[in-house]
Structures are given as structure tokens and as C-alpha cells.
Amino acid sequence: MLTDVATVDSGVLPAARGPLSAAVIDALRGRPLRTVEVASADPFGADLAVALHTCYELHYQGFVGVDADWEWSPELLAFRRSLERVFEDALRSSVPPGDDVPAVLDELLVEPVPGTGLSHFLRDEGEWWQLREYVVHRSVYHHKEADPHAWVIPRLRGQAKASLVAVEFDEFGGGHGDRVHARLYADLMAASGLDTGYLHYFDDVPAPMIAIVNMMSLFGLHRRLRGAMVGHFAAAEITTAPSATRLTKAIERLGGGPRTTHFFTEHIEADAVHEQILRHDVIGDLLSREPELAEDVVFGVRATEFLEGAFGAHVSTAWREGRSSLMRELPAHEGPA
Ligand SMILES: [Fe+2]
Ligand SMILES: [Fe+2]
């Protein structure tokens with residue numbers, strides 16, 4: 001059912017995509033947690049991504065019909081830890097190490113010429129069904145936009161904390177429930193003829209986007225990774241403003257009006273400001289207190305680039321081959337509102 005109002009409800013348990021995710025989901029349904037071999041799993045595959053995401057979701061909205069006490073089940077936390085190790089090790093070995101934070105952030109400001117990213121494609125020649133698929137992929141994150149980053153607040157002190165909270169205040173609507181960015185995203189989905197229910201499309205979304213959300217939860221839930229979390233946050237804010245500009249143009253070219261562009265136009269100016277705050281006031285202040293975190297800040301930036309690159313490659317390969325980038329095609333829809 002389509003609604004104009006974002007529902008702050010829980011998701012339903014997802015479908016399993018292999019033995020790891022089946023073990024977690026079956027346990028949450030009340031069966032004993034099975035021992036499954038984790039070390040040989042594909043760290044970026046759908047099975048591990050869904051297993052980890054299901055464990056993490058217990059810390060966000062939980063699942064309909066699942067006892068909230070599972071959040072602190074020692075046996076499930078131990079299993080989650082084994083999944084995280086495989087995922088984090090693979091991320092670390094996929095990106096070059098470094099500790100020159102300003103240089104790594106500056107690299108992100110250099111836009112590829114000619115643009116090869118998804119937002120370039122969507123601006124110039126994307127069709128409406130492709131834009132809707134893009135919105136569905138990202139809904140896995142935007143239904144809880146900025147929530148993973150909130151975990152880092154108690155791990156920061158002084159100016160870094162004050163400035164990160166200033167950014168989060170904007171993400172959470174500046175005191176207005178109807179301006180919470182997750183709500184603006186639900187409005188975008190409604191204007192695009194999509195279901196706005198919390199994680200409604202999770203089973204339709206392939207591994208690459210789920211891995212991006214898992215990275216945020218991993219960085220947020222471990223105090224040890226606070227440097228990586230602020231690095232990731234800065235990288236996301238730096239790249240959002242130009243991509244939001246392109247997606248606004250894409251929607252306008254396809255005939256959409258303010259109802260459909262609002263989420264993106266809101267991010268054009270806001271994220272240009274957020275980028276500056278994160279670079280100078282959050283990362284700058286954090287590193288002045290804890291300079292040894294520089295390598296993890298770089299790791300957070302590069303892991304974000306790496307997983308976003310894999311997501312972009314997945315989607316553009318599917319589209320180039322003329323097929324859906326989702327697990328199944330969306331029902332047809334005439335055009336944006
Ligand atoms: Fe936002
Ligand atoms: Fe932002």
C-alpha cells in the first residue's frame with residue numbers, strides 16, 4: 001500500500017540468501033542458533049551482508065514479532081562478531097593504507113571528468129525506471145539516514161562532538177519531525193510511486209548497498225572505529241552535494257517537480273556546509289586530540305569509496321546489459337510527480 005506518511009515501524013524479517021543469513025533469521029524465529037562456517041564466506045556476498053544486516057537491525061528498529069531482547073543475546077553477538085571480522089578484514093585489505101587525511105579528502109573533491117558515476121548517467125540519459133531503482137537501492141540506508149552516525153556521539157569530546165551533533169541536528173530535521181531526512185526520503189519514494197514502509201524493499205536490494213549500510217553500523221557500533229566513522233561521514237557529505245545536484249537535474253529532465261526533487265535539493269546546500277564542518281571541526285578537532293586515529297580516518301574514507309565504487313559498478317553493469325539492477329524488476333510506473 002502506498003502512503004504519503006513515513007511509518008516509523010519495524011521491518012519484517014528478511015528472506016535468507018544462504019546459510020549464514022538463514023542461521024540468524026531462523027534463530028530470531030525461535031530455533032536454536034546453528035553453528036555455520038564463517039571464515040570461508042564471501043565477505044562482500046549477499047549471504048554475509050544479509051546475516052550482518054539482520055544482526056545490526058536489532059539495534060535500530062528491530063523486527064515485527066521478534067523479541068527485543070535478542071539485541072543483547074551473547075550467542076548472537078558472538079556470531080555477529082565472527083561475521084564482522086570477515087567483513088572488516090576484507091575491507092582493510094581492499095584499500096591502501098595511509099594517514100594523510102587532508103590529501104585523501106581532497107582527492108574526493110576532484111570530480112571524474114568525464115563523469116562516470118551513476119548520478120552522471122542518470123542526469124544525462126537515465127530513464128525513469130532506472131532512477132526508481134536507484135531510489136530503491138538507497139532506501140536501505142535512507143530509511144535510517146544518519147542513525148548509524150549517531151552511535152559515535154558518546155565516543156567524541158569537545159568541539160568534535162559539538163560539531164558532529166550540529167550536522168546530525170540537520171539530518172534529523174532541526175527539531176521538526178516532518179523534516180527528518182529519513183522522512184524526506186519517504187516523501188521522495190511516495191512521489192516516485194514506491195512503497196514507503198520501513199525497509200520494504202530490503203529483499204529486492206542486492207549485496208553492494210547492504211554492505212555500505214553494514215559498514216556504517218560496524219563503524220558506529222565499535223568505539224575502536226570512531227576514526228573510521230568520522231572519515232566515512234566526511235566522505236559521504238563531500239560526495240553528496242554534487243551528486244544531489246545531478247539527481248535533481250535527472251528528475252527535472254524526466255518531468256518531475258518539487259515533490260520528487262525536494263530530498264535532493266535539500267542536500268545540495270546542506271551537505272556543502274556539512275562537509276566543511278566535518279573536515280575542519282570534527283576531524284580536525286578529533287585528530288588534534290587523538291592523532292593516532294588518522295589511519296582509521298583514511299580507512300573510513302577509502303572503505304566508503306571502495307564500497308560505493310562496487311555499488312556503482314554493479315548497477316551500471318546491469319543497466320548496460322539492459323536488465324534490472326535489483327533482485328527483481330519493479331512494477332512499471334508512468335513518471336515522477
Ligand atoms: Fe541528509
Ligand atoms: Fe548531510
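Me: Which residue lies over the face of Phe299, and at what distance from the ring centre?

Reply: Good place to start! This is a predicted model. Here Arg92 sits over the face of Phe299, 4.1 Å from the ring centre. You can find another such arrangement at Tyr60, where Lys144 lies over the ring face at 4.6 Å from its centre.

Me: How many aromatic pairs are there, and how is such a pair described?

Reply: A pair of aromatic rings is described by two things, the distance of the centres and the angle of the planes. In this model the count comes to 9 aromatic pairs. Take Tyr134 and Phe311: their ring centres are 6.5 Å apart and their planes meet at 45°, so the pair is tilted. Tyr134 belongs to helix 6 (residues 128-142) and Phe311 to helix 13, so this pair ties together parts 177 residues apart in sequence. Tyr134 is buried at 7% relative accessibility, and Phe311 is buried at 1%.

Me: Which pair is edge-to-face?

Reply: Tyr185 and Phe263 form one, with 4.9 Å from centre to centre and 85° between the planes. Tyr185 is in helix 9 (residues 181-191) and Phe263 in helix 12, so the pair joins parts that are 78 residues apart in sequence. Tyr185 is buried, with a relative accessible area of 2%, and Phe263 is buried too, at 4%. Rings can also group: Phe44, Phe87 and Phe306 form one aromatic cluster.

Me: Now for the metal. Which residues are the protein donors of the iron ion (ligand 1)?

Reply: They are Glu145 (OE), Glu171 (OE), His181 (ND1) and His267 (NE2), lying 1.8 to 2.1 Å from the ion.

Me: Why is the arrangement of the 4 donor atoms around the iron ion (ligand 1) irregular?

Reply: Start with the ideal: four tetrahedral donors have angles of 109.5 degrees at a metal. Around the iron ion (ligand 1), the 4 donor atoms subtend angles of 83 to 164°, which makes the arrangement irregular. To count as tetrahedral, all angles would have to lie between 85 and 135 degrees.

Me: Which residue bridges the iron ion (ligand 1) and the iron ion (ligand 2)?

Reply: That is Glu171, and the two ions lie 4.0 Å apart. Glu171 is in helix 8 (residues 158-171) and His267 in helix 12 (residues 258-289), so that pair links distant parts of the chain, 96 residues apart. Glu171 is buried, with a relative accessible area of 2%, and His267 is buried at 3%.

Definitions and conventions. Residues are numbered from 1 along each chain as its sequence is written. Chains are lettered from A and ligands numbered from 1 in the order in which they are written. This is a predicted model: local features need pLDDT of at least 70, side-chain atom pairs count only at pLDDT 80 or more; totals for chains, interfaces and linings use all residues. Side-chain values use heavy atoms; hydrogens and water are left out. Donors are N, O and S atoms within 2.8 Å of the metal (3.2 Å for Na, K and Ca); water is not among the atoms, so sites may look incomplete. Four donors count as tetrahedral if all angles lie between 85 and 135 degrees; four count as square planar and six as octahedral if opposite donors are over 155 degrees apart and all others between 65 and 115; anything else is irregular. Helices (H or I, at least four residues) and strands (E, at least two) are DSSP runs, numbered from the N terminus. Buried means under 20% relative accessible area, exposed over 50%, partly exposed in between (1.4 Å probe, protein chains only). Rings of Phe, Tyr and Trp (its six-membered ring) pair if their centres lie within 6.5 Å; planes under 30 degrees apart count as stacked, over 60 as edge-to-face and the rest as tilted. A charge sits over a ring if NZ of Lys or CZ of Arg is within 6 Å of the ring centre and within 35 degrees of the ring normal.
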